[in-house]
Amino acid sequence: MCNKLYICAVNIEDINMRFCSILFLILFSLPVVATDTTRINKWSQRNMGAFGGFGFGYTEMASREAIEINLQGGIIYNHWLAAGIYLNPFFTISPLTDKYTNDDASLLGGYGGLFVSPIIYSNALIHATVPVYLGYGNVSYELYDDVESTNRIEDSGRFWVFNPGVEVELNVLRFVRVAVGGYYRYCGNVRLYYDQGGDQILSSNFLNGFSLGVKLRFGKF
């Protein structure tokens with residue numbers, strides 16, 4: 001009983017630390033946004049821009065290394081507020097071991113939706129952005145059969161996602177920007193089950209976790 005209580009306490013503390021870290025980063029950026037006089041002075045100018053871009057991210061899902069591909073596009077209001085749509089396909093690059101068959105397994109899927117991102121001192125060569133991504137997605141658990149050399153999807157599930165982050169962005173050219181960022185992906189519970197027996201394959205929160213990413217953006221900023 002003591003061991004179980006200790007494990008629960010550790011898990012709760014770990015979750016709290018992650019949320020506090022993201023909250024701290026967001027709250028830390030708010031005073032900077034408030035003192036960005038360039039943004040305040042340009043509020044009424046109604047200057048509009050637009051951009052599109054792509055990027056790659058590294059993360060872990062179900063304690064396995066995974067790659068995310070980011071596609072996004074949107075508009076920029078007065079050089080300081082970006083908003084638009086995005087799509088994030090993902091897949092694991094290190095195999096899972098199925099607990100029943102011992103065969104290799106993988107996770108693949110994607111999510112997409114809307115994002116909003118304040119840009120802090122956008123005219124500076126190096127500046128910060130605070131993106132927040134909201135969306136919906138699907139993930140599949142795929143098994144590889146060594147005997148028949150075939151893949152089959154054991155189960156799949158849908159989920160919603162809340163993905164805040166902090167990015168450092170570099171103005172490479174007038175119409176090109178490169179961003180490096182850290183994010184925390186929080187998803188709704190995803191329950192995947194085996195066809196035979198009905199046992200749950202993975203824990204319900206296996207998609208939650210931190211990620212690092214690099215993005216390349218083109219447009220009128």
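Strands are taken as DSSP runs (E, at least two residues) and numbered from the N terminus. The model is predicted, with local features requiring pLDDT of at least 70 and side-chain atom pairs counted only at pLDDT 80 or more, whereas totals for chains, interfaces and linings use all residues. Residues are numbered from 1 along each chain as its sequence is written, and side-chain values use heavy atoms, with hydrogens and water left out.

Three cavities of 30 Å³ or more are present in the structure. A cavity is a set of points, on a 1 Å grid over the protein atoms alone, where a 1.4 Å probe fits but cannot get out; lining residues have an atom within 4 Å of a point. Grid points are joined across faces, edges and corners, and volume is the space filled by probe spheres set on them.

The largest cavity has a volume of about 120 Å³. Its lining comprises 17 residues, of which E68, N70, N88, Y183 and K215 are the closest to its centre. Two or more lining residues come from each of strand 1, strand 2, strand 3 and strand 10 (209-220), and strand 10 contributes the largest share, 5 residues.

Separately, L207 is in contact (heavy atoms within 4.5 Å) with M61, F90, V139, F159, R185, C187 and V190, leaving aside neighbours within four places in sequence.

Key
On a 1 Å grid over the protein atoms alone, a cavity is a set of points where a 1.4 Å probe fits but cannot get out, and a pocket is an open set with protein on both sides within 12 Å along at least five of seven lines; lining residues have an atom within 4 Å of a point. Helices (H or I, at least four residues) and strands (E, at least two) are DSSP runs, numbered from the N terminus.
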